[in-house]
Amino acid sequence: MQRPLKSSFAARPRQLYLAVLALLAGSAWAQPAEPQPPSLELRSTPALEEKLPQTPQAPVIVSGEKVVGRSELETEVSGDAELRRPGLTVSGDRIIYDQATDRATAQGQVKVNSAGNRYTGTEGELQVDAFEGFVLQPTYEFLSNGAYGEAERIDFLDPDRAVIRNASYTTCRRDGPDWMPAWILRASSMSIDQEEDEGQAQDATLEFKGVPVPLPSMSFPLSDRRKSGWLPPAVGLDSTSGLILTAPYYWNIAPSRDVTWMPTIMARRGVDLAGEFRYMENDYNGRINANYMANDKLRDQSRWGFFSRHSGTINTGVDAIGALGFGLNVNRVSDDNYWRDFSRSGLSLTTRLLATDAALSWAQGDFSVVARALKWQTLQDVTSPIVPPYDRLPQITGRWGRTNVNGGFDYSVEADYSRFRADSSLTNQPNADRSVVSAQLSHPWLRPWGFFTPKVQMHATNYQFDRALSTGESAASRVLPTFSLDGGLVFERDASYLGRGFIQTLEPRLKYVYTPYRDQSMLPNYDSGIYDFNFATIWSENSFAGHDRVVDNNLVTFGLTSRLLDPSTGGEVVRLGIAQRYRFVPQEVTLPGGTPAGKGLSDIMLGASINWDPRWSFDSVAQYNIRAHNSTRTTLGVRYSPGDYRTISMAYRRERDLGSQQVDVGWQWPLNDLWGDRGQDLGRGQGQGAGRWYTVGRLNYSIPDRSLVDGVLGIEYDAGCWIGRVVVEKMQSGLSSSTKRIMFQLEFVGFSRVGSNPLRTLHNSIPRYQYLREEITSPSRFTQYD
């Protein structure tokens, strides 16, 4: 009799186990080894995109404690009821969803989340795909700026637009049951357009600290994006103009163009009409600023200014030519005193040379050509007149050059033609047409341990004057060669200082330059100036900028640099440098009235830069005169920045020849640190929490004059949902005159700003100044995901 299969199977467990092992082993010997699975890689998914995909008939999912209904007709969900579709969540005690009309009705503790915007209410009705409907007794919170409020009813017109009845609006955060917001906007009707980032309030009242300000109708932004309409008025006080009131109007013409009109009333002077037009297209961009004052009571004349910047390309339509680059820079004003009286109409306070410059450029391969026209307007001051620079009408420059060819050679040829024109009674020299051709040939040898570069240059110049020189000549020419040898080594070693490991370098460098002497004293000077003596220019072949002077040289420059590098990042922690020149023969070529350098050693350049700790930065440069045993020029700078909104910088500058000594101090620091309140680390552009005071400023003090040259001093208070600023500014406008003004501003965070805006002044004046509110990145719709 046969045994049951189960008994036979059970009697041979060992044999079966061995048979399976043998089968597996045989397969392993007979087949190649399985390849290793590829490593996991992160890939983006459309489910996490900020912009919802346009997918009609997106699925609708409902859930709850009890779900009943008829297929394809109606579904009723009760008990923690929830309806979901991409970008939308609706929840409540009870939801009825009509599939035929795509309409959901919610009752009891209704909550709606649409792409991060939250709404709650007692009941509501919504056509899901079109997002049309209403919520009764709602509260709401917008993702873009954190503003929230409550109302009698909200009507959704589409996913971006809504109308709110008997509404309130604020960005102040709640902190208690009896708490009242510092500011709140109340309106009988409020329209919200999130596509345009704009809100419109009718029959509104703005309350700040319990003080109501009636506003029959007003618009306000829902984000930092600008919109058409009246901007908040700016009020300021200026020592020259008196009380200043500006009512700007902004017109958003198109995404790439806008206009801002800025009519301004100046109590002591009159009405100034100013405007700015900006544009940015694919092939060109620029801006135009202009202002006009019909009758300036201060100067008893009409005043105007025009400033334009344009850059772009011009498509010629010819493949062989390609595109041309075009740039235009126009600066023109009505009179010499404009720079004092309209210091913020497109000019810096000390701008007295205004350039109007147009340039047309072309480049292809190794060739480039630029045609340019430059004309200056010089604003004279009777207490310190200046000689006007030369107009260039026109200037044509061309260049041809190649690198690393024919075994490593670099060579180039540059040509320049300039027609210099100015008033000879002011310049005391003739006008001229100047032609320049300069060529150079070099062969750099570059290795990890060093470099060596021999180079030869040729500089040829020809002048045609509009009247004879004192020598009787109406033309002049000059040809000068220059030969140089430049080489350096790089030594590295591992080093340790103060318990920290580094890569230390030692980098000696030696450069010899020879240019023969040519008498150039009879040549006029049109565009040459002496280079500032520093670590960069000490290695240059010519001490003069421009083409009118080529210095005679027979000198050697030697320098030594040592650096400490962080081995993990390659960052420079310490840099020490020294450089000096030795002239074998005295210098003879100078600018008119200049002093030539003598034979022998030059001043020593000493420099040090230390960034041992990321919070600290130290830089210093000194020019030391070895004959007089004193410092000709010294610059010392230190900065301490331990975190956001905490920075202090100090610089000391001294120039012995000019008798100038200045101390420059700039800072931004929370005053709450004085009483132990360190604030919160909310990140850049978010401040450090509500109820904090910040002191800001920059002071430039002249030690010999014992006076403040320029200064900005202010205080900021961050209340969380509003910020107050008061800033006082003093800027020098002449040898014995200065302009002073006071700026005060009230910023309702996420809503509007009132007063004279000092933020640009603070940002431009204070190194590493940070805005208390700045949108670094737009908030994600997943920030308030339900």
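**Exercise 1. In which strand is Asp 238 found?**

Before we dig in, a word on the model: it is predicted, so local features need pLDDT of at least 70 and side-chain atom pairs count only at pLDDT 80 or more, while totals for chains, interfaces and linings use all residues. Residues are numbered from 1 along each chain as its sequence is written, and side-chain values use heavy atoms, with hydrogens and water left out.

Solution. 
- Step 1: Look along residues 234–238, and you have strand β16, where Asp 238 sits. Strands here are DSSP runs of E with at least two residues, helices are runs of H or I with at least four, and both are numbered from the N terminus.
- Step 2: Check the cover. Asp 238 counts as buried because its relative accessibility is 7%. The cut-offs are under 20% relative accessible area for buried, over 50% for exposed, and partly exposed in between, with a 1.4 Å probe and protein chains only.
- Step 3: Find a partner. A polar atom of the Asp 238 side chain lies 2.7 Å from the backbone nitrogen of Thr 240.

**Exercise 2. Get an overview of the chain: how many helices and strands does it have?**

Solution. 
- Step 1: Count the elements, and you get 5 helices and 48 strands.
- Step 2: Ask how much is hidden. The chain has 786 residues, and 39% of them count as buried.
- Step 3: Look at the contacts (heavy atoms within 4.5 Å). Take those between residues at least 6 apart in sequence: 47% of them join residues at least 24 apart.

**Exercise 3. Find the disulfide: which cysteines does it join?**

Solution. 
- Step 1: A disulfide is a covalent bond between the sulfur atoms of two cysteines.
- Step 2: Search the whole structure, and 1 disulfide turns up. The test is a pair of cysteine sulfur atoms within 2.5 Å.
- Step 3: Name the pair. Cys 172 is joined to Cys 721, with 1.9 Å from S to S.
- Step 4: Cys 172 is in the loop between β11 (161–169) and β12 (183–193), and Cys 721 is in the loop between β45 (707–718) and β46 (722–732), so the link ties together parts 549 residues apart in sequence.
- Step 5: The link of Cys 172 and Cys 721 is right-handed, with 70° about the S-S bond, and both cysteines are buried.

**Exercise 4. Track some salt bridges: how many does the structure hold?**

Solution. 
- Step 1: Set the rule. A side-chain nitrogen of Lys or Arg must lie within 4 Å of a carboxyl oxygen of Asp or Glu. The structure holds 49 such bridges.
- Step 2: Compare their cover. Arg 85 is buried because its relative accessibility is 15%, whereas Asp 129 is partly exposed at 47%.
- Step 3: Now take Arg 173 and Glu 141, which meet at 3.6 Å, N to O. Arg 173 is in the loop between β11 and β12, Glu 141 is in strand β8 (residues 139–141), and 32 residues separate them. Arg 173 is partly exposed, as its relative accessible area is 45%.

**Exercise 5. Where does Thr 427 lie, and is it buried or exposed?**

Solution. 
- Step 1: Locate Thr 427 in helix α4 (residues 424–427).
- Step 2: Read its relative accessible area. That is 13%, so Thr 427 is buried.
- Step 3: List the neighbours. Leaving out residues up to four places away in sequence, Thr 427 touches Val 387, Pro 388, Tyr 390 and Ala 422.
- Step 4: Pick out the polar contact. The side chains of Thr 427 and Tyr 390 are joined at 3.3 Å. A polar contact is a pair of N or O atoms within 3.5 Å; within protein, one must be able to donate a hydrogen and the other to accept it, and residues adjacent in sequence count only if both atoms are side-chain atoms.
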